[in-house]
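This briefing covers a ligand site, a pocket and some backbone details. Please look over the sequence and the structure before reading on.

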Amino acid sequence: MHFSSPDFALAQQLDVEDELAGFAEQFSNPDPDLLYLDGNSLGRLPKATPAHLQQALTREWGARLIRGWNDGWLDLPQRLGAQIAALIGAQPDEVLVCDSTSVNLFKLAAAALRYQNGRPKLLSDDLNFPSDLYIFQGLVDLLGGGRRLELAQTSDGIEVSQTELARSIDAETALVSLSLVAFKSGFLYDMKAVNLLAQSAGALTLWDLSHAAGAVPVDLNGSRADLAVGCTYKYINGGPGAPAFLYVRKDLQAQLNLPLWGWFAAQAPFAFGLDFEPAGDIRRFQVGTPPVLALRALEPALEILQAAGIPRLRRKSVLLTEYVIYLADQWLAPLGFTLGSPRAAERRGSHVALRHPHGYQMCRALIEAAPPAPRVIPDFRAPDTIRLGIAPLYNHFSEIHRALSRLRQVAETGEYAAYPAVRQGVT
Ligand SMILES: *Cc1c(COP(=O)(O)O)cnc(C)c1O
């Protein structure tokens, strides 16, 4: 991608040409001087969500009480699952919204390892999100039987090569579980190629779509993925701690044996039978009572995503991340920053990692700036990565320009040195 100039006028021109620019209006934004580049950790609040939740509270819980379950609460996990399915290339009856990403990962990985009885190896990579790796470590510990976790290795801290994966997937591999977009570098796997490698070795695949869903095209059916999980509080804008989703390929659903047998997974939960008989469909992957209010908060968010459409969002996201990299090359590389993300757009998700030895203090300076400097919210990932999350639903080119020129100022003036290098709780 070629940009003709680092001037603000070009950013403004790109905003004028942006066919999705109007979608930002649908999100709460009480402080126009706050440049929010952290939609990959917690998406913005849709303006329609508070009234929608208020209705769920008063008209549903308040007025309908227990009758709400038959009025539509009971199948919310499936109905919302069907909406998410449309964003990730799955059939409506292959996705369920429930539990957290970590818990869903545990459920599906446990089921897959037991299904693949006799194969001892769970393969992931060393770019994966720590919670995913902890879940796998705990699972190997729990199941025993000689099972082990192996990690394909990155050579540059940014990508894991296809050669490394091909070398790591073998006849002992039960399950290959990777994040489609790496949380730190933004590296985007070729899902189809990995599924093919796994399949030809007889391994199942389990994808974590947390940093992809809602921003990056995903075709679970078309690429023949077996299992997936993902988060709805990042690019899907479902709110802090919003329930996660899981996907199970249709013909695998009745074959997997879950490690948690809750009543909502039963064929007939309200028959109150004493022996567990699992549902044969996607309901089998649910555990207990769905969090109705949290699920309701997802509805306005999903409506916006559907209206924008993933292909248009991806086009804009690529243009925005290319623009970040262009400005970083012009302004920040001379100040000691390096790019911590793939340069090739087709290998990159919707965030850009910029690395600098004083990255943490620079993040603090960006976040805590006193007016008139704009406040920029990126996030920080140890040891030196400033992560700029680009949410194509509401980020503008002019915001990117302002944020990067502010980062240049922080680096150039050395004002970051006034901020402590000791980390806070949430970075
Ligand atoms: C955000 C994220 C999670 C979060 O898991 P929770 O159970 O919601 O805390 C897990 N995995 C990946 C890859 C993530 O990006």
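**Asp-7 and the basis of the model**

Asp-7 is partly exposed, at 49% relative accessible area; the classes are buried under 20%, exposed over 50% and partly exposed in between, with a 1.4 Å probe and protein chains only. The model is predicted, so local features need pLDDT of at least 70 and side-chain atom pairs count only at pLDDT 80 or more, while totals for chains, interfaces and linings use all residues. Residues are numbered from 1 along each chain as its sequence is written, and side-chain values use heavy atoms, with hydrogens and water left out.

**Position of Asp-7**

- Asp-7 belongs to the segment before α1 (8-17); helices (H or I, at least four residues) and strands (E, at least two) are DSSP runs numbered from the N terminus.
- Between Asp-7 and Ile-325 there are 15 Å in space, C-alpha to C-alpha, and the two are 318 residues apart in sequence.

**Ligand site**

- Around the ligand are Ser-100, Thr-101, Ser-102, Phe-129, Asp-132, Ser-179, Asp-208, Ser-210, His-211, Tyr-233 and Lys-234, where a residue qualifies if one of its heavy atoms lies within 4 Å of the molecule.
- This shell consists of two nonpolar, six polar and three charged residues; Ala, Val, Leu, Ile, Met, Phe, Trp, Tyr, Cys and Pro count as nonpolar, Asp, Glu, Lys and Arg as charged, and the others, Gly among them, as polar.
- A polar side-chain atom of Lys-234 is 2.5 Å from an oxygen atom of the ligand.
- For Tyr-233, a polar side-chain atom lies 2.7 Å from a ligand oxygen atom, and for His-211 the distance from such an atom to an oxygen atom of the ligand is 2.9 Å.
- The ligand taken alone exposes 390 Å², of which the protein buries 86%; accessible areas come from the Shrake-Rupley method with a 1.4 Å probe.

**Largest pocket**

- The largest pocket holds about 390 Å³ of space; a pocket is an open set of points on a 1 Å grid over the protein atoms alone, where a 1.4 Å probe fits, with protein on both sides within 12 Å along at least five of seven lines.
- Its volume is the space filled by probe spheres set on the points, with grid points joined across faces, edges and corners.
- The lining of the largest pocket has 17 residues, and those nearest its centre are Asp-38, Asp-379, Arg-381, Val-426 and Thr-427; lining residues have an atom within 4 Å of a point.
- Two or more lining residues come from each of α10 (359-368) and β12 (379-381).
- The largest share of the lining, five residues, is given by α10.
- By class, the lining of the largest pocket comprises eight nonpolar, four polar and five charged residues.

**Cis peptide bonds**

- Pro-371 and Pro-372 are joined by a cis peptide bond with omega about 10°, and Pro-372 sits in the loop between α10 and β11 (375-377).
- Ala-382 and Pro-383 are also joined by a cis peptide bond, with omega about 0°; Pro-383 is in the loop between β12 and β13 (385-389).

- Asp-99 is a residue other than glycine with a positive phi, near 50°.
- Asp-99 is placed in the loop between β2 (95-97) and α4 (101-115) and is partly exposed, at 29% relative accessible area.
- Arg-224, also not glycine, has a positive phi near 60°.
- The loop between β6 (204-208) and β7 (227-230) contains Arg-224, which counts as exposed at 53% relative accessibility.

Definitions and conventions. A polar contact is a pair of N or O atoms within 3.5 Å; within protein, one must be able to donate a hydrogen and the other to accept it, and residues adjacent in sequence count only if both atoms are side-chain atoms.
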